[in-house]
Amino acid sequence: MNRADLQKKWESIKRSRIDGQYKIIRLTSNTQIRLFVAINETDDRALMIYSDDIDSIDRSPITKENISLDIKDDAVVLTLTNSVYQDVFDDLILSIDFTLLSEDRSDNHLSLFITKYVEWSTFFRNGFSQRLSFEQLIGLYGELTVLKQTLLSGGQFIHNDTISSWRGPFGDVHDFVFGEYDMEVKTKLCKTSSINISSKYQLEADGARELKLSIVNLLSDDSKGHALHSLILSIRDILDSGNSDLNILHKALLMFDMTLESSVEYDNYRFTLDSINVYNTMLEGFPKLVTANMSVGISSVRYKLDTKALKPFIIR
């Protein structure tokens, strides 16, 4: 099931006859998964799961911002109460479908359904107080650019591994932790020649693991450039094409105090990708301040690194 398949379901359901309070249609042909998409009398979209274990859960409704959970007879119903969040709701449906398909025991489906609702409810929040600085914005844009390029270079069967390797938003030392190496990503505009290193750990290898530095060079381009929201959508489409779980992408955005919908607030900043240069930080002579070459007593550092000095260490 991907977004295109789901859209066909929504189009089909519009032509269905209403049954009681809802027009409903089965989400998947798998008879072990009793999921149905629905539209109620006020045209709100909904997702239902039927279960023989309904009486085992609290029947009190759980209402969150823009989405609610209710018990209707022998079904649990998630209802989207704000159509602005239709894209995120579709992603939630796909995530639930992916999760239930991965679970062999159908008696666990109901609890997984409710857990996913609680987990995703944060992604439906209205507005966020903290706005990214320009440096933070291009930093996120650069990490997403590297993520997109990595997804495109790998097969769709490893999309979940690739999105899981993006660790920067979750507080890991390095932005990406791949199978055989780590990668730190720095982003700058082409007109500048330096990057900011904010700690002694950013260019410090984790034990014997290789550490690469990826520098993303952007051009500010209001006419032909792509905004952050557009970049996020393109990554979502790549993940969707491989039937990958979109949960991690939404979680990562939340770490930046952002949702898919709120990312449009940065649409006045548009960029085109000039180049991505990757460097081997492990080679002797690579300019960096790390624990091994710092004097005792220095606990933290911040410095600028001139990218012109990195030419001898370039990989590609």
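Select S16 in this predicted model: the residue sits in the loop that connects helix 1 (3–14) with strand 1 (22–26).

Proceed to strand 2 (residues 35–40). Six of its six residues are buried, so the strand is largely enclosed by the rest of the structure. Display the side chains: L35, V37 and I39 point one way, whereas F36, A38 and N40 point the other way, and all are buried. In a regular strand, side chains alternate between the two faces of the sheet.

Now show the neighbours of strand 2. Strand 1 pairs with strand 2 in the antiparallel sense, over five bridges; select Y22 to find its bridge partner N40 in strand 2. Strand 3 (residues 45–50) also runs antiparallel to strand 2 and is joined to it by five bridges. Here V37 stands opposite L47 of strand 3. The turn of this hairpin deserves a separate selection: four residues lie between strand 2 and strand 3, and D43 in the turn has a positive phi of about 70°.

Finally, return to the whole protein. Seven helices and twelve strands are present, and the C-alpha trace spans about 70 × 45 × 35 Å along its principal axes. Of the 316 residues, 47% count as buried. Among contacts between residues at least 6 apart in sequence, 72% join residues at least 24 apart. The mean positions of the 35 positive and 45 negative charges are 5 Å apart.

Conventions:
Residues are numbered from 1 along each chain as its sequence is written. This is a predicted model: local features need pLDDT of at least 70, side-chain atom pairs count only at pLDDT 80 or more; totals for chains, interfaces and linings use all residues. Side-chain values use heavy atoms; hydrogens and water are left out. Helices (H or I, at least four residues) and strands (E, at least two) are DSSP runs, numbered from the N terminus. Buried means under 20% relative accessible area, exposed over 50%, partly exposed in between (1.4 Å probe, protein chains only). Contact means heavy atoms within 4.5 Å. Lys and Arg count as positive and Asp and Glu as negative; His and the chain ends are not counted. The place of a charge is taken as NZ of Lys, CZ of Arg, CG of Asp or CD of Glu. Two strands pair if DSSP finds at least two bridges between them.
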